[in-house]
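This report describes selected features of a single protein model. The sequence and the structure are shown first, and the account follows by topic.

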Amino acid sequence: MSTPPVEQLSIPTNENFTDALANHILLEQHNRLPDLTDVAIFLPNAQAVQQMRQSLHRSLSEGCYPQSSGETSSYKGHALLGGFTGSLEQWLNQHSISSINGLKNNTTRKLINQSTRQLLLIEALKRHPDLFSAENHWQVCDSLLELFDELGLSQHQWLNESTPIWISHLQQAYQANEEIAYLSQEAGMVRTLWHAWQQQLDAMQIEDKPSALKQNLINTLAHSIGHNIEEQTKNKTGSATNTLNNTCFYIVGLDQLSPLEQAWCEQLSQHCHVKHITQGSPPCSNRNSGYEANDHEPNDPEPRDSDTSEKENPSENNELQLLEDIYNQKKTFFERTRDYSPAHVSDKNALPCFLQKIKLYDAQSAEYEARAVDLKIRMSLLAGKTDIAVVTENRKLARRLRALLERAQVSIQDTAGWALATTSAAAILERWLECIEQNFAWQALIDLLKSPFFCEEASRAEHLKLVYRFEQDIILHENIAADLARYKNAIQHRQQRLNAGSAHSTASTAEQLLKLLTRVETAAHELLELFNNNQNRTSDIWIDSFIRSIKSLGIYPQLSSDIAGLRVQQELEKLSTTHSITRPELNWQDFRTWLGNTLEREQFKPHNQNAAVKIMNLQQAQYCQFDTLVIAGANLQSLPGTSSQQTFFNQSVRQALGFKNWPAKKAYCFYQFKQMLLSADDILITWQAEENGEWMQASPWVSSLQDFTQFAFKHSLKDEQLGFLLKNTRPVTRHSTELLQQIETVSQPFPRISEAQTPIEFSASRHQRLIDCPYNFFASDVLKLKALEEISLELMKSEYGEKVHLILQAFHQQCPGLPAPFKAPLCNENREQALAHIKNLSQQIFKTQIEDSVEHLGWLNRWLDTAEAYINWQIQRQHEWKIYRLEKTAEQPLSSGIQITGRLDRVDMHNHQYSIIDYKTGNSAKQSEIDLAENVQLSSYASLMEDVCNVIYLKLDKGIVKQTGILEGEDLNQLKTDVIERLETLVNEIKSSSALPAWGDTHSCVYCDMGGLCRKQMWEVF
Ligand code: SF4
C-alpha cells in the first residue's frame, strides 16, 4: 500500500501566523463547527499556544475567517468548543493508553528525574573506571546524558548492534575511509555506556523522560493502529468507535521535533488527517528522520507552490523579496542593493515595507541598553500597547531590565525564567555549605545570618541588630576571621562591652549571641562530622543530613515563605527521594556538585500571566505576533552566540548523525530572527556598543540590516528619538537644576550644630579631634560616623598595644581569668623570676592569636624583648614612685556643662603627689607639640586629678622603655588651665552655632578617616 501524501501548508512570513492558521483550520473544519474537539494543533511554545487559542476564538466569534464564495458565517458570535492546542508531549501525556481507555499502561516502570539519572550514571561510571578518571565523572555526566537522550530519540537502527557496527557508522559520519584509533575508542566507550545505561534502566524497571516519551509514542500509535484494524473488523458488524481516526492534526514546528517524534508524525498521517504547517522557509533539517514531504522538501529555500499567497499579493511579495535580498549570500551586496537604489523606486523618501517599523539602538553601556529598553517599553505602554515582548538571550540584561521595570511598577512575565542557583533562596544554602567547608569563615557566616531566610519576619529587625553587633564587636574589633569556638570565646571575654547596647532586649547581647552561635553549631554538627571524616557515604546520608541541618537552623521552613524558596524546597525533596532508586557512594565534592547541578539546571519562573510585558527568548517568541517587540542584547556573542564544546563527537559528525549541532542551531536561530522582523508593527533592536572602552560587535544579522538600509535607501534605522530622550531623561531621580548646582559646588564645609547635638563627655581623643580639625569632630563625634573596619588575619598594631596594656596591668594587679600578679617589690635579686612571670603572662595573653600565624609569634617576641627592659625600668622607678592605681577611669565636670573623661593607664604616688603614665607602644606626640598645646592628651589627663606632679608618655617598644614626653611643674599648671579654658570657649561657641570647619593640617589628614566626606582634595585645589 503506498503512503498517502502528508499535506503541507506554508504560511507566509509576513502574515500573522496564528490568525492565518486559525482561518485555515476554521475553513477546513467548517462542517464540524463550532465543535473542534477532534482537532489537535501542536505548537512548540506556550506563547504561540496562547495566541493560537485567541486567534481561533476571535476568528470564529467575529466571523472573519474566509468563507466559500457567497456564504456568510453562521457561527458569528458563537463560542468555540475547542480541541487540543499544545505541544506534542502534552498531547501524548493526555492520550497515553491509560488515559484513553483506562487500561493500565503496559509498562509499570517508575519515571525518574534528572537528578536520579545523574546519580545512576555516576554509579555506572564508577563501575567502568577504565573509561574516565574519577575526577572527570561529573564533567562527562551531563554530556553523556544529553547524548543518551539524542540516541534514545534517534531513528538509528544500529544502536543495539556490536561495537564494529557502531565504528563503521561513526566512520561514515566522520567521512573516514579507514579505521581511526580514537574513533574506535570513542565508539567503544559510548556504546559500552549506552548499553550499560539501557540494561540498568531495564533491570531496575525504571524509565527516564526520553524513554517515557518514546514509550508514549509507541503506545499511542500502536493503540491507534490496533484500534483501526479492530474497528475495520467491527465496522462490518456496524459497531465501533475510534479515538483517533476522526482527529485532524495540525503540526507546527515539525522541524524542531526529534527524529523519533517526526517518524511518529509520519506514521500518524497513515491513519489520520495530518497537516504539517511551516512559516516561510525553515532551514534544511539535518535530522535523519526518514520523514519526507511529498509535495516539496520542507527546507527548500525556493518559493513553494503552496505559498500561493506570497505570489498573489505583489506588495507582500515585495516585502518577502526585500527580506530575502537583505540576507541573500548568493548575490553580491551591490547586486542586492542595486534594485532598491533611488533611481529604481518611486517614493524616494519612504522606507519600504517592514523596514519602516524597525529601529536600531546601539547603547554605550549595558546600563544604557537596559534603560533604553525600559524607556521604550514605558512609552509603548503609555501609547496603549498591551502586548509587548522583549526577546533576548542575554540573561544579565533581562535581570537588570526586570529591576528597572519593577521600579516603575510595570508588571512583567518572565517566561525564560531563572536558574534556581541565582535566587537568594539557593544562595543561603551555598553559604551554609561554605560555612561547613571553611570553618565558619566570617564572610560566609555573616551572609548566612543576614539572609532573609534565616529567621522569621517578625523577629528579623532584632536579629539583624544582634548580627550587626557580632560583626562589629567580635569579628571586626576582635579580628576573628573564622572558628565558632573562637567567636564564642571572644563573646565571653567581651561580655561587658557587648551588653552595653543591649537595652533592646531582656537577655544580654552576649547571651543572645552565644545562643545564636550554639544554634548554628548544633545544626552543623552532623554535617560537619561527615565533611571532616572525608569518607564516601551513600547519597541519601548526604542529602538527609543536609536537609536536617537546614531544618535545625530554621532555614527550611522559611523557604516556603517565598516562591523561589518553595521551588528550592521541592528540588531538595526530590533529591531526598532518589534513595528509593539508587544510593551511590559519594564524597563531599560529589554531593556538592550534585546539589549544585540541580540548582543550576532547575528553573524558577515567577508567574504573572496577565502582564502586558513579556521577557522571552527567540524560541519562546516563534510564531507569535506582538504590538511592540524589542530584540535586546543583539550582540554577536548572544545572537547567534557561539558553538559550545561537545564532549562526544565533533559538530560535523553530530550533523551526520542527526543530532543537535551548532550549524543547524545557528541556521534555525537565523530563520527565527527573520520571522521576528515581521512579527510586530513596532520593533526596536538594541545592543551594547562598548564595554570597558572596547568596541563590542553587533550581531551580523543586525549589521546586515543596518548596512543594507543605509546603502540601498540612504536611510539610517538608528532610533534618534530614543537616544535624545535617554539623554534628557533622568529615570532614577527627579531633575533639579538648583540641587545639581549645589552638589557641583566644591567648597570647604562649615557645618553647624545645635546645643542639643553637642557631646557632653570629652575624652582626650575627642578633645584632640576638636583641636586638630572641627569637621573631623563633627563627623566622628556628632554624626558618629566610623570608617568601616577591616578584618585582618594578622594581629593589628592597635591590638598589640591593647595586649601590652593588659600584660602590664596583670603583672601588677589581679585581673579576671589571669594568673596572680607579681607581688614582691622588684629588685635585682628577683629580676629573673619577674621576667619569667611576665613571659608566662604574655604567652597566655597572646595565646588566642599566636596559634594563627608566625606573624603573631613575631609580635609576641617583639614584646618579650621589651618586657625585659620594662622590668629594668620598673626596678629603677620604684626607688621613688609606688604604683597607686592601674587603668583608673576619671572624670572632671567643667563650667560649660561638659565633662572631661579619661582612662589612665597608670598613676604612681610619692609624698602625696601623683605621676600619671600613659603607655605608648606606637608613636607619641613630640615634646614641642605638648608644650604648644597642639597635643592635649597629657594636659587633659592632668586635669582629671588634683596634686599631679607630672604626666608622662612611656614608650615601650623594640626592647626599649623610655620616657618620650613630659609635662611637669609650672608648665603643667599653666597648660592645664589654658587647655581647659580653650575647650570651654570652643564648646560655648559650638553651642551658639559657630561653624565646625574642615581645617586639618597634613599630619591630621593622614590619619583621618573622614577625607571622603570633607572632600578636602577637591576644594583645596580650587
Ligand atoms: S581629612 Fe583633614 S580636613 Fe578633612 S576632616 Fe579629616 S582632618 Fe579635617
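## Hairpin of β21 and β22

Gly897 takes a positive phi near 95° in the hairpin of β21 and β22, which has 5 residues between the strands. Strand β21 (residues 882–893) pairs with strand β22 (residues 899–910) in the antiparallel sense over 10 bridges, where pairing requires at least two bridges found by DSSP. Within this pair, Gln892 stands opposite Ile900 of β22. Helices (H or I, at least four residues) and strands (E, at least two) are DSSP runs, numbered from the N terminus.

## Basis of the model

The model is predicted: local features need pLDDT of at least 70 and side-chain atom pairs count only at pLDDT 80 or more, while totals for chains, interfaces and linings use all residues. Residues are numbered from 1 along each chain as its sequence is written, and side-chain values use heavy atoms, with hydrogens and water left out.

Strands β6 (residues 248–252) and β7 (residues 273–279) run parallel and are joined by 5 bridges; the bridge partner of Cys248 in β7 is His273. Contact here means heavy atoms within 4.5 Å.

## Six-stranded sheet

A further open sheet has 6 strands in the order β8-β17-β16-β9-β15-β10, with parallel pairing. Its edge strands, β8 (358–363) and β10 (412–414), each pair on one side only. Neighbouring strands of this sheet are turned by 20° against each other on average, direction ignored.

Strand β10 is joined by 3 bridges to strand β15 (residues 613–616), the two running parallel, and Asp414 has Ile615 as its bridge partner in β15. Helix α14 (residues 366–382) packs on the sheet, touching β8, β9 (388–391), β15, β16 (628–631) and β17 (683–688), and its direction makes about 165° with that of β17.

## Ligand shell

Cys773, Tyr775, Asn776, Ala998, Gly1000, Cys1005, Cys1008, Gly1011, Cys1014 and Lys1016 surround the ligand, each with a heavy atom within 4 Å of it. Helices α33 (774–782) and α41 (1011–1014) are the elements that give two or more residues to this shell. The shell divides into 6 nonpolar, 3 polar and 1 charged residues. Here Ala, Val, Leu, Ile, Met, Phe, Trp, Tyr, Cys and Pro count as nonpolar, Asp, Glu, Lys and Arg as charged, and the others, Gly among them, as polar.

## Backbone exceptions

The peptide bond from Leu639 to Pro640 is cis, with omega near 10°; Pro640 lies in the loop between β16 and α27 (651–657). Gln205, although not a glycine, has a positive phi of about 55°, and Gln205 is located in the loop between α8 (181–203) and β5 (206–207).

Notes:
Axes are lines fitted to C-alpha atoms, for helices over the stretch in contact, and angles run from 0 to 180 degrees between N-to-C directions.
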